[in-house]
Amino acid sequence: MERTQEGKTMPKYLFEATYVGKGIQGLMQEGGTKRRDALTEALKSVGGSLESFYYAFGYYDVLGVFEAPDDASAAALSLLINSTGSVNVRLKPLLTVEDLDEAAKKTPSYRAPGQ
């Protein structure tokens, strides 16, 4: 895992992307490698890095994992990419098993609807 300047591990995000409109035409023209390289450069611009990048069949054309210094950096990149209208990106923050262990120790308060 990559570490930030403070020595903490950077959060990881699963991304799912669908090319739309001119994005599909651009992919066909440029090819997959150049699109992966463009994402790698975009991630570098916010202090992140690409861990994996795969093309797939089905609704999502691209799946992968990247690291970013924080949620704001990941969200900024997602907003920028989605604003182009060429790609629809969805991000999911990934938790480590240790993160889940910490969550399991917490005791939040909650009232279910109708109770």
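Student: Is E67 buried or exposed, and what is its relative accessible area?

Tutor: Buried means under 20% relative accessible area, exposed means over 50%, and partly exposed lies in between (1.4 Å probe, protein chains only). E67 has a relative accessible area of 4% and is buried. Bear in mind that this is a predicted model, where local features need pLDDT of at least 70 and side-chain atom pairs count only at pLDDT 80 or more, while totals for chains, interfaces and linings use all residues. Residues are numbered from 1 along each chain as its sequence is written, and side-chain values use heavy atoms, with hydrogens and water left out.

Student: Which residue meets E67 in a salt bridge?

Tutor: Side chains of opposite charge can pair when their charged atoms come close. The rule for a salt bridge is a side-chain nitrogen of Lys or Arg within 4 Å of a carboxyl oxygen of Asp or Glu. The partner of E67 is K12, at 3.5 Å from N to O. K12 lies in strand β1 (residues 12-19) and E67 in strand β3 (residues 62-67), so the pair ties together parts that are 55 residues apart in sequence. Strands (E, at least two residues) and helices (H or I, at least four) are DSSP runs, numbered from the N terminus. K12 is also buried, at 18%. A network of salt bridges links K12, E51 and E67.

Student: How many salt bridges does the rule give?

Tutor: The count is 7. One of them joins K105 and E102, at 3.4 Å from N to O. Both residues lie in helix α4 (residues 97-105), 3 residues apart, about one turn of the helix. K105 is exposed at 61%, and E102 is partly exposed at 42%. In another, the closest N and O atoms of D37 and R36 are 3.6 Å apart. D37 is partly exposed at 36%, as is R36 at 34%.

Student: What is the strand order of the open sheet?

Tutor: Two strands pair if DSSP finds at least two bridges between them. Here 4 strands form an open sheet in the order β2-β3-β1-β4, with antiparallel pairing. The edge strands β2 (49-55) and β4 (87-94) each have a single partner strand, so one side of each is left without a neighbour in the sheet. Between β2 and β3 there are 6 bridges, and S49 has E67 as its bridge partner in β3.

Student: Which helix packs on the sheet, and which strands does it touch?

Tutor: Contact means heavy atoms within 4.5 Å. Helix α2 (residues 32-45) packs on the sheet and touches β1, β2 and β3. Axes are lines fitted to C-alpha atoms, for helices over the stretch in contact, and angles run from 0 to 180 degrees between N-to-C directions. The direction of α2 makes about 155° with that of β2.
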